[in-house]
Amino acid sequence: MPASPRAFVLRHTRLRPVPGLEEIRLHLADEALPLWHAVQIETEDPDAALPYWAFAWAGGLAIGRHLRAHPDVVAGRRVFDLASGSGLCAIAATHAGAQAVTGADIDAFSIAAIELNARANGCRVTAVRRDVLDEEVPEVDVILAGDCWYDARLAERVLPWLRRARARGIDVLVGDLGRRYLPAGELVELAAYEVRTTTELEDLEHKQGRVYAVRSAGDRS
Ligand SMILES: C[S@@+](CC[C@H](N)C(=O)[O-])C[C@H]1O[C@@H](n2cnc3c(N)ncnc32)[C@H](O)[C@@H]1O
C-alpha cells in the first residue's frame, strides 16, 4: 500500500478536460508505461495493476456522452459506477443530475483519483474500494459499467452480476469499444459515439464507443 495514493496521483497527473466531454476535467497522465513502472516502485509490487485510473477509457467516454445526451437516464436517481477508474462515469452521472453517486474500484489509486476528480468537478461521489462482484447488488436505480471486458476473469464475473442487478429492476448501462471478451450478443445496443481515449495504449485514434443495456434472463427486448 502506497504512503499516500492521493499525493501519488497528484504528482503523476495533470488536471485537464476530457476529449469530447470538455465540461469534465480529470487528473490524467500522458503515458501509461512509465506511470505503471512508477506504480510498481511506489507499491513495491511488480504485479501492480496498470494505472487505469489515470486515463479516460473508451467505454467510460461512451457512457459519459450517452448521459450528456440522455440525462433522464440518471436524473434524480441513485447511481453506482462499477470499475470506476478515474470516476469518469460517476462524474458524468452527477453532471446529468443523479441524486447520489457511488464509484467502486479495487485499486487504492483509483479511489484517490475518484475523490480528487470529483472535487475538481464540484461533484459529490462516494468512492468505495471493494470487489463488489462478490457481494449482493447494491440498492441503487442505475449501474454504469464502463470498459469492464478487457480481462477474461473479470469478464466472466461481470455479466452474471449485472444480470442479477437487472433482474432486480436496476437499469444497467455498459460502455465498451467492442473488446475481446465483450458478450455483445447478450447485450442490447442503445447508441454509438465517436470517442477519443486519453491512453496511448489505444493509439488515441477516434473509435466507436458503444453503449448497451443488459438483459435479465426474463427480458425479451
Ligand atoms: C479499463 S478501466 C475503466 C475505468 C472507467 N470505467 C472508464 O471507462 O474510464 C477498468 C477498471 O476496472 C477496475 N476493476 C477491475 N476489477 C474490478 C473489480 N472486481 N471490481 C471493481 N473494479 C474493478 C480496475 O481497477 C480499473 O480501474
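This note covers the ligand site of a predicted model and the pocket around it.

1. Local features here need pLDDT of at least 70 and side-chain atom pairs count only at pLDDT 80 or more, while totals for chains, interfaces and linings use all residues. Residues are numbered from 1 along each chain as its sequence is written, and side-chain values use heavy atoms, with hydrogens and water left out.

2. The ligand is surrounded by 16 residues, each with a heavy atom within 4 Å of it. The closest are Trp57, Gly60, Ala83, Asp105 and Gly146. By class, this shell holds seven nonpolar, four polar and five charged residues (Ala, Val, Leu, Ile, Met, Phe, Trp, Tyr, Cys and Pro count as nonpolar, Asp, Glu, Lys and Arg as charged, the others, Gly among them, as polar).

3. A backbone N or O atom of Trp57 lies 3.1 Å from a ligand oxygen atom. For Ala83, a backbone N or O atom is 2.8 Å from a nitrogen atom of the ligand. Asp131 places a polar side-chain atom 3.1 Å from a ligand nitrogen atom. Taken alone, the ligand exposes 600 Å², and the protein buries 96% of that (Shrake-Rupley method, 1.4 Å probe).

4. The ligand sits in the largest pocket, meaning that more than half of its atoms lie within 2 Å of the pocket's grid points. A pocket is an open set of points on a 1 Å grid over the protein atoms alone, where a 1.4 Å probe fits, with protein on both sides within 12 Å along at least five of seven lines; lining residues have an atom within 4 Å of a point.

5. The volume of the largest pocket is about 980 Å³. Its lining counts 46 residues, and Tyr52, Asp105, Ile106, Asp107 and Tyr150 are the closest to its centre.

Terms used. A polar contact is a pair of N or O atoms within 3.5 Å; within protein, one must be able to donate a hydrogen and the other to accept it, and residues adjacent in sequence count only if both atoms are side-chain atoms. Grid points are joined across faces, edges and corners, and a volume is the space filled by probe spheres set on the points.
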